[in-house]
Amino acid sequence: MTEAAQTAEGNIGIEINAEEDQYLTFIMAEEEYGVDILRVQEIRGWDNVTPIPNTPKYIKGVINLRGTIVPIVDLRERFGMEGVEYGPTTVVIVLKVIKDDVERIMGIVVDAVSDVYNIDAAEIKPAPDFGSVVSIEFVSGLVSIQEKMLIILDIDHVLNSGDLEIADQVKG
Amino acid sequence: MSIDMSQFYQTFFEESFEGLDVMESGLLGLDVGAADAETVNTIFRAAHSIKGGSGTFGFTSVADFTHVMETLLDEMRDGSRMVTTEAVDLLLKSVDVLREMLTAVQSESDIDVEHVSSIQKKLEVLLHGESTDAEADAESEQSISEDSGASSWQISFKPLDYLLKTGNDPVRIFKELSLLGEYEVECQMDNLPLFADIDPESCYLFWDIKLSGEIKKEQIEEVFEWVDEDCELNIELNGSSEDESVTEELKPVVEELKEVAPVAVETSANVTEPTKKTEPANETSLSIASTQEKVKPSTTKKAVSTDSGSIRVSIDKVDALINMVGELVITQSMLGQLGERVDEDSLEKLQDGLAQLERNTRELQENVMRIRMLPISFAFQRFPRMVRDLSGKLGKDIELRLLGEQTELDKTVMEKIGDPLVHLVRNSIDHGIEMPDDREAAGKPRTGVVELNAFHQGGNIVIEITDDGKGIDRDVVFSKAVEKGLVSENDNLTDEQVYDLIFAPGFSTAKEVSDVSGRGVGMDVVKRNIRELGGNIEIVSAKGEGSKITIRLPLTLAILDGQLIRVGGDTYIVPLVSIIESLQVKAAQVNAIAGQAELYKLRDEYIPVVRLHNVFDLKADSEVLTDGLIVVVEGDGQRAGLFVDDLMGQQQVVIKSLETNYRPVDGVSGATILGDGTVALILDITGLIKLSQQERIEAA
């Protein structure tokens with residue numbers, strides 16, 4: 001975290017290049033993942049949720065986000081990784097998910113937030129099937145930043161597949 | 001003029017459909033023979049607005065059709081035509097056609113041209129008397145539209161003094177005209193007062209315009225479309241001398257004049273004498289325009305069609321909200337100031353402030369809820385037409401009484417109650433009210449009465465449908481139910497239970513299946529719909545005297561009375577309406593069947609036990625039935641005993657959707673936020689019972 005924070009100083013505060021997008025990164029099982037920062041609504045500490053009966057284990061439950069009911073997904077379990085005990089760094093990143101013009105708000109539980117990077121769209125390389133724990137279908141690209149590899153997640157797909165799919169698609 | 005008109009389409013359609021509703025209800029209210037002038041005027045204005053709008057947006061077929069209706073209405077308005085049943089019927093049909101046309105235009109599909117033209121033909125026949133005239137008329141219309149040769153027009157345009165105040169600018173009209181062809185305009189300043197007397201916002205000038213080129217009269221009319229009520233307008237063809245062509249060209253002029261003139265003008269039968277025509281027509285056009293009431297674009301506060309996602313809210317309600325928010329801001333700043341320096345003295349003030357904040361919040365909540373409330377007249381307004389049509393079709397005399405139309409209820413509830421109400425009213429008319437002769441024989445007035453009444457009672461809205469028909473024959477219902485195998489012949493049922501059979505699926509007592517009702521689908525659907533809304537329905541009937549159907553609905557779907565229950569560490573909410581009773585379990589009354597299903601003997605009835613901790617896979621305090629409580633619930637006619645650890649408080653809860661950000665969950669109808677900010681799920685009893693049945697089947 002400290003190392004990441006230092007590099008962040010170099011990044012934050014520089015002029016935003018039109019070609020560059022900002023990404024919020026977070027840590028999960030020693031790996032760093034990134035999501036488009038414009039999709040991030042807020043970051044909050046882990047708090048108790050209300051479980052929803054008869055749902056997959058990775059859906060932890062729902063919380064009250066200023067009057068709206070927001071489902072919380074454990075991203076580790078969603079990706080089939082081993083779940084961990086939630087600790088003081090465990091956070092919930094509340095994201096806006098868009099699929100078929102439907103906007104939904106969802107939260108993901110991750111080990112810790114890390115950093116914010118400016119990334120040039122051209123630097124994002126398509127991901128080869130590199131045998132990562134995360135299924136390749138959820139990865140929209142890879143970027144290396146200061147000799148670190150950052151996995152950019154296709155968050156709309158991650159939170160819109162399986163049991164998280166939009167209601168009427170499930171019905172249909 | 002390269003404005004993108006399509007952005008106004010939605011408004012046009014909304015206003016037009018409202019206009020159609022106005023026309024329809026107006027037509028239904030017309031007394032044949034002695035029509036109320038104001039009502040005819042209202043109908044005329046609505047038609048006129050639709051014509052104007054559709055012309056502007058280029059929906060010519062709609063405009064043409066409306067024009068014929070308008071002409072007919074105009075003749076009724078100025079008293080030159082009697083209001084006959086025939087005419088009203090035809091106009092009602094025309095309203096239907098117009099609605100179809102507008103719907104077709106809106107959805108960009110094709111208009112059923114044949115249907116439209118057949119009605120239009122009928123209108124024209126009615127308008128021009130004999131059928132030969134109609135043919136001639138059709139011909140002449142054709143020749144007019146084909147007549148696109150060079151012509152020269154003389155237009156006299158004399159705006160009324162308030163023209164400028166209506167936002168119309170003659171200069172713009174002239175610009176439009178100049179696009180049509182060669183034009184010359186001469187300004188007449190005869191009416192110009194002394195400089196000292198001039199009101200700068202009034203229009204004193206009038207103009208004579210010469211226009212030549214390949215121009216159709218319609219094109220010129222179109223330019224003046226929006227001002228033709230605010231001016232004296234005379235459009236004439238210049239220099240045509242031949243009688244025949246005068247006839248042809250004058251005809252539309254005369255029609256146009258009649259439109260402007262509310263005084264009697266010769267009926268079109270006279271138009272065939274062209275020489276007499278010009279003079280009087282001109283006179284009327286000059287003299288009467290000023291008496292004309294200004295036609296306002298439909299200002300009626302009618303609500304939008306039910307499928308649109310928008311809602312019209314009265315200014316009062318919005319103002320109340322703004323006030324409320326103002327108060328809230330004041331309270332907030334007061335609390336903010338208190339927060340800056342906290343000492344012991346300010347504690348009391350702080351409490352006051354918080355109390356005020358609470359009040360503000362509650363009022364704000366109530367007012368926001370009111371925005372969704374609409375008077376039930378939106379659901380009622382379709383009935384006059386329906387009753388009229390049905391009574392005509394069935395040959396019955398029926399009077400419809402609507403009471404409590406201003407009773408407000410939630411828009412969502414309103415949308416869902418519309419169809420069930422239609423069904424119930426149809427039933428009352430079809431099965432309830434007798435034929436006039438039968439009624440007379442039974443010593444009742446020939447005219448049957450169907451009454452719709454709505455009122456508030458507690459936190460509910462009650463809708464009553466009463467008829468003074470033949471009532472429900474208990475024995476017929478019972479024997480029918482036996483025949484259908486719904487009950488056994490030996491069952492001893494109360495009247496209430498018998499009437500309730502009417503709502504059983506597949507039940508219909510009509511001897512003949514008519515296209516009005518009696519297909520046996522419906523009453524069960526009606527009941528289900530009302531149940532889904534959290535309401536109930538009951539029938540009271542006396543043979544020979546009539547029946548009364550009472551529907552009770554919650555005022556809003558946004559709030560419900562809930563019973564909090566606890567299973568292990570989780571809290572759930574059971575809607576209070578579905579709870580019958582809660583009781584402690586006596587071990588002797590529990591029977592296990594095949595070691596799987598458990599039945600609880602509740603007095604003389606066995607009800608299945610639904611263990612919430614099993615269905616939802618929760619960790620309960622205890623799985624022994626006697627340690628917990630059984631909440632007897634009913635969902636969709638089925639009863640069950642819900643096994644829970646404990647009952648907690650009762651409270652009103654605000655319903656939040658799980659679907660917004662997630663998806664529907666079986667056995668759960670929604671979620672709510674409790675006082676401590678945590679989320680609790682609201683149980684869907686019907687779904688829960690189904691879920692437990694499935695689990696039992698899977699387990700077996």
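Local features are reported at pLDDT of at least 70 and side-chain atom pairs only at pLDDT 80 or more, while totals for chains, interfaces and linings use all residues; side-chain values use heavy atoms, with hydrogens and water left out. Residues are numbered from 1 along each chain as its sequence is written, and chains are lettered from A and ligands numbered from 1 in the order in which they are written.

The predictor assigns the complex an ipTM of 0.80 and a pTM of 0.53. Confidence in each residue is given by the predictor as pLDDT, from 0 to 100. In chain B the mean pLDDT is 77, and 82% of the residues reach 70 or more. A contact means heavy atoms within 4.5 Å. Residues 511-520 of chain B also have pLDDT under 50, with 21 contacts beyond four places in sequence. Where pLDDT is low, the predicted coordinates should not be read in detail.

Chain A contains 4 helices and 10 strands. Their order from the N terminus is α-β-β-β-β-β-α-β-β-β-β-β-α-α. Chain A has 172 residues, of which 49% count as buried; buried means under 20% relative accessible area, exposed over 50%, and partly exposed in between (1.4 Å probe, protein chains only). The accessible surface of chain A is about 8600 Å², and 49% of this belongs to carbon and sulfur atoms. Accessible areas come from the Shrake-Rupley method with a 1.4 Å probe, and for residues only the protein chains shown count as cover. Of the contacts in chain A between residues at least 6 apart in sequence, 58% join residues at least 24 apart.

Over all chains, the structure holds 9 aromatic pairs. Rings of Phe, Tyr and Trp (its six-membered ring) pair if their centres lie within 6.5 Å; planes under 30 degrees apart count as stacked, over 60 as edge-to-face and the rest as tilted. A:Phe26 and A:Tyr33 form a stacked pair, because their ring centres are 5.9 Å apart and their planes are at 20°. A:Phe26 is buried, at 0% relative accessible area, and A:Tyr33 is buried, at 0% relative accessibility. The pair of B:Tyr572 and B:Phe616 is tilted, since the ring centres are 5.6 Å apart and the planes are at 50°. B:Tyr572 lies in strand β13 (residues 570-575) of chain B and B:Phe616 in the loop between α20 (612-615) and β18 (629-635) of chain B, so the pair ties together parts that are 44 residues apart in sequence. Both B:Tyr572 and B:Phe616 are buried. One aromatic cluster is made up of B:Phe12, B:Phe13 and B:Phe59.

Charged groups also sit over rings in chain B. The criterion is that NZ of Lys or CZ of Arg is within 6 Å of the ring centre and within 35 degrees of the ring normal. The charged end of B:Lys158 is over the ring of B:Phe206, 4.8 Å from its centre. B:Arg611 lies over the face of B:Phe643, 5.4 Å from the ring centre.

Helix lengths were compared with an expected span, which is 1.5 Å times one less than the number of residues. For helix α5 (residues 113-128) of chain B, 16 residues should span 22 Å, and the end C-alpha atoms are 22 Å apart, which agrees. Buried residues in α5(B) include B:Val116, B:Ile119, B:Leu123 and B:Leu127. Helix α4 (residues 85-106) of chain B has 22 residues and reaches 31 Å from its first C-alpha to its last, close to the expected 32 Å.

Most residues other than glycine have a negative phi. B:Glu108, which follows α4(B), has a positive phi near 55°. A:Ala29 has a positive phi of about 50° although it is not a glycine. A:Ala29 lies in the loop between β1 (20-28) and β2 (31-36) of chain A and is partly exposed, with a relative accessible area of 30%. For A:Arg66, phi is positive, near 45°. A:Arg66 is in the loop between β4 (59-65) and β5 (68-74) of chain A and counts as exposed, at 67% relative accessibility.

How values were computed: Helix = DSSP H or I, 4+ residues; strand = E, 2+ residues; numbered from the N terminus.
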